Each structure stands twice: as C-alpha cells, then as structure tokens.
Amino acid sequence: MSLSFAAWSDDSYFSIARDFLANTISVETLERALFLGGLGYQVVLKTPQVFGALSGTGCAIAEGERWNPLRVARDARARERYRAIAAQSIEAGFAGTYLFDLMRRA
C-alpha cells in the first residue's frame, strides 16, 4: 500500500470550527465550508490490519519560500469562499441546524 499526503491545519479551518462552536453557522454551512480548498479531507484507518500495514518511508521539510505563498493563497481563497457561504446562510434567514439545536435535542 502506498499513501502520500501533506498534513496541515490552516487558520481558516479553525475559524470555521470556531464559528460553528459559537453558534454562528449551521451544521450544513460547516459541512460546505470544510470542503473549501480540501479542508475537510481526512484519511481514516478503520482496522488494526490496515493500520499495521503502514510503514514510514521518511519525511521532507517543506521549503517555506516555495510553499508558504501557496498556503497563504489557498487560505485566502478558502476564507473568501467561506464568507460567501456564510452570507448565503444569513440571507436564508439562518436556516439549518445549529449547535444549540443539537444540544437541545440531547
């Protein structure tokens, strides 16, 4: 099995999560926003056998001069798209399921 990926958490990811926890965006808006720029993609290993099949082959340091401008641009695009999604939520009259609604059901 071969798997390559880059792991990072942009500030925009945490901004979106913070807005959900502050009850300012709905679950539906959260779901849409997390996939902006691939923010919501995760790798899940479901069984001990799959986890056991992993092996480390090394790592590489990302050159900041090369990769940081790309990260900043990606984050800016995600934030711009998120603002548009959040504005649509406001225009829709805050329709959807919010954290407070989920807590009330529990």
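Start by selecting T29. Setting aside neighbours within four places in sequence, T29 is in contact with I85 and S89. Keep in mind that this is a predicted model.

Stop 1: Colour helix α2, residues 27-34; T29 sits in it. Is T29 buried or exposed? Its relative accessible area is 6%. Buried means under 20%, so T29 counts as buried.

**Stop 2: the buried side of α2.** Now select T29, L30, A33 and L34 together. These residues of α2 are buried. Look down the axis of the helix. What do the buried residues of α2 pack against? Show α1 and α4: those are the helices they pack against.

**Stop 3: the largest nonpolar core.** Select I16, F20, I25, L30, A33, L34, L36, A78, Y82, I85, A86 and L99. These 12 residues make up the largest nonpolar core. Which helices each supply at least two of its residues? They are α1 (11-21), α2 and α4 (64-91). The largest share comes from α4, with four residues. I85, a contact of T29, is one of the core residues.

**Stop 4: L99.** Pick L99, another member of this core. Leave aside its neighbours within four places in sequence, and L99 is in contact with F20, L21 and N23. F20 belongs to the core as well.

**Stop 5: D19.** Move to helix α1 and select D19. Beyond its neighbours within four places in sequence, D19 is in contact with T24, I25 and Y82. Of these, I25 and Y82 are listed in the core. Next, draw a distance from D19 to L30. The two are 11 residues apart in sequence, and their C-alpha atoms are 8.6 Å apart in space.

**Last stop: the whole chain.** Zoom out and show the protein chain as a cartoon. There are five helices and zero strands. From the N terminus on, the order reads α-α-α-α-α. Of the 106 residues, 24% count as buried. Take the contacts between residues at least 6 apart in sequence: 74% of them join residues at least 24 apart.

How values were computed:
Residues numbered from 1 in each chain as written. Predicted model: local features only at pLDDT ≥ 70, side-chain atom pairs only at ≥ 80, totals over all residues. Heavy atoms only, no water. Buried < 20%, exposed > 50% of the residue type's maximum accessible area, 1.4 Å probe, protein only. Contact = heavy atoms within 4.5 Å. Core = buried A, V, L, I, M, F, W, Y, C linked by side-chain atoms within 4.5 Å.
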